[in-house]
Amino acid sequence: MSEVPLLGLAAFSGTGKTTLLTRLIPLLKAEGLKVGLIKHAHHAFDIDHPGKDSYELRRAGATPVMVVSRRRRAIVYDYPDEGEVDLFSQLAYLDAAGLDLILVEGFKRAPIPKIELHRPILGKPLLFPEDPHVIAVASDAPLPCPCPLPQLDLNRPPQIAAFIRHDFLR
């Protein structure tokens, strides 16, 4: 397990996890936090594109492939499909040195503290009644049932950032 605090954002697809993260991360950074992120993709993805040297080298059989520049590093590993990936095994590949927080997008079943994002209009069930790791619920409308957890406004990222900073990381 990571020594850096892990905080997941858990929700069904289409709820706005990535959108919220793109607004939350700058707010947390502005407060002096160094934030890392691990995102779970439920589908095949490629950060390379045909025609790029790194793509062609990987396609030729090299794995891993590391691409570096003065300001960025990316490492692409290809491995056999052995079923669902485990958050904790993947964290071993994330250099957490100097980080104050690692945000986790997806991995909604992982046993880590998480903020549930909920949009009642999507008609999806709430996660918190079945998931003891949910520490707060951020919604864009009143919840359809009583909730004993802190309730946050999904459309107010500064409120969510304040919760993370002052309640979660305290």
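Predicted model: local features only at pLDDT ≥ 70, side-chain atom pairs only at ≥ 80, totals over all residues.
Residues are numbered from 1 along each chain as its sequence is written, and side-chain values use heavy atoms, with hydrogens and water left out.

**Figure 1. Overview of the protein, with four helices and eight strands.** Helices (H or I, at least four residues) and strands (E, at least two) are DSSP runs, numbered from the N terminus. Their order from the N terminus is β-α-β-α-β-β-α-β-β-β-β-α. Along the principal axes, the C-alpha atoms fill a box of roughly 55 × 35 × 30 Å. Of the 170 residues, 35% are buried (under 20% relative accessible area; exposed is over 50% and partly exposed in between, with a 1.4 Å probe and protein chains only). Among contacts (heavy atoms within 4.5 Å) with a separation of 6 or more, 53% join residues 24 or more positions apart.

Figure 2. With neighbours within four places in sequence left aside, H40 is in contact with E84, V85, E105, G106 and F107.

**Figure 3. Packing of helix α1 (residues 17–30) and helix α4 (residues 157–168).** The axes of α1 and α4 are 9 Å apart, at an angle of about 55°. Axes are lines fitted to C-alpha atoms, for helices over the stretch in contact, and angles run from 0 to 180 degrees between N-to-C directions. The two helices are therefore oblique to each other (under 35 degrees is roughly parallel, over 145 roughly antiparallel, 65 to 115 roughly perpendicular, and the rest oblique). From α1, the contact involves L20, R23, L24, L27 and L28; from α4, P157, P158, I160, A161 and I164.

**Figure 4. Position of E130, in the loop between β6 (114–118) and β7 (134–139).** E130 is exposed, with a relative accessible area of 71%. From C-alpha to C-alpha, E130 and L9 are 16 Å apart in space, and 121 residues separate them in sequence.
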